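Visitor: I am new to structures like this. Could you show me how to read a few features?
Guide: Gladly; let us look at it together.

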Amino acid sequence: ARVSAVLSCASLQMKNMDKEVKRSRLAEQLYKHYASTAIPKGIHCLSLRLTDEYSSNAHARKQLPPPELLPLLSDNSFQHYILASDNILAASVVVSSTVRSSSVPEKVVFHVITDKKTYPGMHSWFALNSVSPAIVEVKGVHQFDWLTRENVPVLEAIENHRGVRNHYHGDHGTVSSASDNPRVLASKLQARSPKYISLLNHLRIYLPELFPSLNKVVFLDDDIVVQRDLSPLWEIDLEGKVNGAVETCRGEDNWVMSKRFRTYFNFSHPVIDRSLDPDECAWAYGMNIFDLEAWRKTNIRDTYHFWLKENLKAGLTLWKFGTLPPALIAFRGHVHGIDPSWHMLGLGYQESTDIESVKKAAVIHYNGQCKPWLDIAFKNLQPFWTKHVNYSNDFIRNCHILEPLYDR
Ligand SMILES: *[C@@H]1O[C@H](CO)[C@@H](O)[C@H](O)[C@H]1NC(C)=O
Ligand SMILES: *[C@@H]1O[C@H](CO)[C@@H](O)[C@H](O)[C@H]1NC(C)=O
């Protein structure tokens, strides 16, 4: 029997089992699950096979986009989307759902950024699966001249920092002590993932430098699905602000819409207490429209670096891990709140998400731990994602990535 079958997120809500037994059992299973299948086998297989294809098939290596379309990559009359991911299947869903939902697919340009290891596979995928008339470019972080140790000193420091290593790779005691609450455990395990200290995650803070000729871009996370035309985002008047984002302190959903600075920062720490207001409204990453021209006139990047250093100095006690807290500080005064219907957050935390709202949202964001590509995905939310996976694609079939069967 597949261990993972037991691990449906829905089982977190089983009511009849003795509470304590249930909790510790689920915690144990979740721990194992996250340790062993952080990258599901099928997705890993896809990456390996596509990497193989890159070396054996000239079509998989063909230039993306073709040379005659290269000028469009820096043409500001197009809609530029940026996606940073090491998950090829997730990236394919983001790109196809965006293109499929667009009223002007011929104006869509995707810049997909990935790490060095995933580059050949990611390139193969988009070389072999055209989303024409939209244009896709695939870049590895190693291909940006700007990303040097000099320009990104703090990240280097963070990745080598002993505290971080222990935080992520040692000291299992902290995690098991959280095992009385499976959901807390799952989020701790998620925070331990190397993904959260990778350059790909911090990359968005360098957009103005990485895309020096672009004026306005939409940055998408890889755990989203686009369901509506996003063209109007480019028309929103950001009133001189840099970051168009959905604010997460106003709204009906008590789970998602209760995020203020006190949610993210340690206000018992004097450095935080004297610098920040606990009541300040937070906002979300996942789908942001960035005005890079306005951004270039600010010192957002320096502020971000400054606070990463402060957190290191404080032994990582200023905030829990993640890339949002330093961004919340760095973008202070530079955020323009956009209508929440643009970006629905909170999928993958609980089964009871309102399906009618999911259907209506322009972008849905599976920012909870139950990602739609995992076995533990909520079955009621998964179809919004799987409908953009091409299950008849040979690579997907050969990696036994199967369309989930829903019993209804
Ligand atoms: C918050 O800051 C205080 C004061 O430095 C510290 O004692 C505490 O451990 C910190 N909390 C966390 C969760 O890091
Ligand atoms: C799905 O994949 C098949 C086989 O590779 C291809 O022929 C078809 O066009 C794809 N469908 C879509 C919607 O991309």
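**Reading ligands and helices**

Guide: Start with one atom pair. A polar side-chain atom of N390 lies 2.3 Å from an oxygen atom of ligand 2. Keep in mind that this is a predicted model.

Visitor: Which residues surround ligand 2?
Guide: List the residues with a heavy atom within 4 Å. For ligand 2 they are N390, S392 and N393.

Visitor: How much of ligand 2 does the protein bury?
Guide: Take the ligand alone, then ask what the protein hides. Ligand 2 alone exposes 360 Å², and 33% of that is buried by the protein.

Visitor: Which residues are around ligand 1?
Guide: N266, S268, H269 and T317 are the residues around ligand 1. A polar side-chain atom of N266 is 2.4 Å from one of the ligand's oxygen atoms. On its own, ligand 1 has 360 Å² of accessible area, and the protein covers 41% of it.

Visitor: What classes of residue make up the shell around ligand 1?
Guide: Sort the shell by class. It has four polar residues, no nonpolar ones and no charged ones.

Visitor: Now the helices. At what angle do helix 2 and helix 5 pack?
Guide: Compare their axes. Helix 2 spans residues 41–56 and helix 5 spans residues 119–128. They pack at about 80°, with axes 7 Å apart. Angles of 65 to 115 degrees count as roughly perpendicular, so helix 2 and helix 5 are roughly perpendicular to each other.

Visitor: Which residues make the contact?
Guide: Helix 2 brings S47, L50, T51, E53 and Y54. Helix 5 brings Y119, P120, G121, H123, S124, W125 and L128. By class, this contact of helix 2 with helix 5 has six nonpolar, five polar and one charged residues.

Methods: Residues numbered from 1 in each chain as written. Chains lettered and ligands numbered in written order. Predicted model: local features only at pLDDT ≥ 70, side-chain atom pairs only at ≥ 80, totals over all residues. Heavy atoms only, no water. Axes fitted to C-alpha atoms, helices over the stretch in contact; angles between N-to-C directions. Helix = DSSP H or I, 4+ residues; strand = E, 2+ residues; numbered from the N terminus. Parallel < 35°, antiparallel > 145°, perpendicular 65-115°, else oblique. Contact = heavy atoms within 4.5 Å. Nonpolar A, V, L, I, M, F, W, Y, C, P; charged D, E, K, R; others polar. Polar contact = N/O pair within 3.5 Å; in protein donor to acceptor, adjacent residues only side chain to side chain. Areas by Shrake-Rupley, 256 points an atom, 1.4 Å probe, with all protein chains shown as cover.
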